[in-house]
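I opened this notebook to record, step by step, what I looked up in one protein chain. The structure is placed first, and my entries come after it.

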Amino acid sequence: MTLLTRYILSHFRRFFILALGAFTGLYLLVDFFEKADDFIEHQAPLAAYFVYFANSIPVIVVQIVPLAVLLGVFLTLGGLSRTNELTAMRSGGVGLWRLTMPLLHVSLAISVVVLLSNEFLVPVCARQANHTLRVDVQGKPEISARRDRIWYREGNTIVNIRLAQPEQNALQGISLFEFDPQFHLQRRIDAPAASYSAGSWTFRNITERSIAPPPMGISGVDRYPLMTISLSKTPEDFRTPRPRTEEMGYRELAGQVHKLENEGFNPTRFRVDLQARLATPFANLIMAFLGIPFALHKGRGANLAVGIALSVGIGITYHIIQAMLLAFGYAAVVPPLVAAWSANLLFALIGVWLLLTARD
């Protein structure tokens, strides 16, 4: 690495870290005020605050790092231009590509780091943050995201369901295990089927076993053709929830696509998310392409206020266009590959055109 490269990267590193910290802090502050009501309403302990926001940081960072790259590149070249160092370098025979290649290389490296983080770090942190908010803070029960072999707890009763059929308002193979406060099994209810109507479940062909304290065991067995039992779960609660894409890495998304295809479902949405998982990290490289010509065109006017306004404006425009294209992909209007990569291609072409114009 030459002295000139180290000098340029030292400037970029300083601006990038400051921008990343500022944008992350601002995002956390906004998120805190949005979530504060949930934490206060449910009297969440201080540890829940820490766990939630600590796990939110990686998720936030990968979203705002393109803005930090753009601002870092803009202020690096703008600062060198304002102090006439950029003019001196070019007067000494250093070409524009030679000056900008270190910034493009480090932006590409950041893109690779984000890509790896989206695969190994972000899904873990997103799952933990969502679990903390839903279960630990809001108190929602954790139910398995599947329709067969479901286990969940309801008060002093543990419910096992072999198969849920929410479309038919039906359950198959239900077992209820009732416990006393000392967690001794008191009663077991088994039914081959149940149907939902008028806010309650009607069990059919029930076998009820009363269980005495050890060592006596089963004290009685009763059978009923029908029994109405009130459970807090409705058929809607047993619909297989769509996995949150931020909680899934590339391999998990690919597995979800394969699973849906084998089951005969349409995996278009997950195909789009799969391509977006690859395309989004390279927005960092695209932002570097855009930041370089804007800084060169602004010259001495490339100050912090202009850089922040430019970064936020370009970032918002990029995310709006990307969101629109992804929506077209979800609706199968355009192929998943086109939906995920078109925003990158469009902004890359704009950046390259501006860069070539600045060179001339």
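The entries below go from the whole chain to single residues.

**Entry 1. Ground rules**

I noted that this is a predicted model, in which local features need pLDDT of at least 70, side-chain atom pairs count only at pLDDT 80 or more, and totals for chains, interfaces and linings use all residues. Residues are numbered from 1 along each chain as its sequence is written, and side-chain values use heavy atoms, with hydrogens and water left out.

**Entry 2. The whole chain**

I looked up the secondary structure and found 10 helices and 6 strands in the protein chain. Both are DSSP runs numbered from the N terminus: helices are H or I with at least four residues, strands are E with at least two.

How does the radius of gyration of the protein chain stand against the globule rule? It is 28 Å, well over the 21 Å that the rule gives for 360 residues, so the chain is more spread out than a compact globule. The radius is taken over C-alpha atoms, and the rule is 2.2 Å times the number of residues to the power 0.38. I also recorded the box that the C-alpha atoms fill along the principal axes, roughly 95 × 45 × 35 Å.

**Entry 3. Burial, contacts and surface**

I read that 42% of the 360 residues are buried. Buried means under 20% relative accessible area, exposed over 50%, and partly exposed in between (1.4 Å probe, protein chains only).

Among contacts with a separation of 6 or more, 62% are between residues 24 or more positions apart; a contact means heavy atoms within 4.5 Å.

The accessible surface comes to about 19,000 Å², and carbon and sulfur atoms hold 63% of it. Such areas come from the Shrake-Rupley method with a 1.4 Å probe; for residues, only the protein chains shown count as cover.

**Entry 4. Salt bridges**

How many salt bridges does a search of the whole structure find? I found 8, where a salt bridge is a side-chain nitrogen of Lys or Arg within 4 Å of a carboxyl oxygen of Asp or Glu.

One of them joins R127 and E252, whose closest N and O atoms are 3.7 Å apart. This pair links distant parts of the chain, since R127 is in helix α5 (residues 122-137) and E252 in helix α6 (residues 250-262), 125 residues apart. R127 is partly exposed at 33% relative accessibility, and E252 is partly exposed at 39%.

I then turned to D190, which meets R188 in a salt bridge of 2.8 Å, N to O. D190 is buried at 14% relative accessibility, whereas R188 is partly exposed at 31%. D190 also forms a salt bridge with R209, again with the closest N and O atoms 2.8 Å apart. R209 lies in strand β5 (residues 200-212) and D190 in strand β4 (residues 185-197), so the pair ties together parts that are 19 residues apart in sequence. R209 is partly exposed, at 26%. I noted as well that E178, R187 and E208 are joined into one network by salt bridges that share partners.

**Entry 5. Positive phi angles**

Where is N84 placed? I located N84 in the loop between α2 (46-82) and α3 (85-91). Its phi is near 70°, a positive value in a residue other than glycine, and N84 is partly exposed with a relative accessible area of 37%.

N205 is not a glycine either, yet it has a positive phi of about 55°. I found N205 in strand β5, where it is exposed, with a relative accessible area of 53%.
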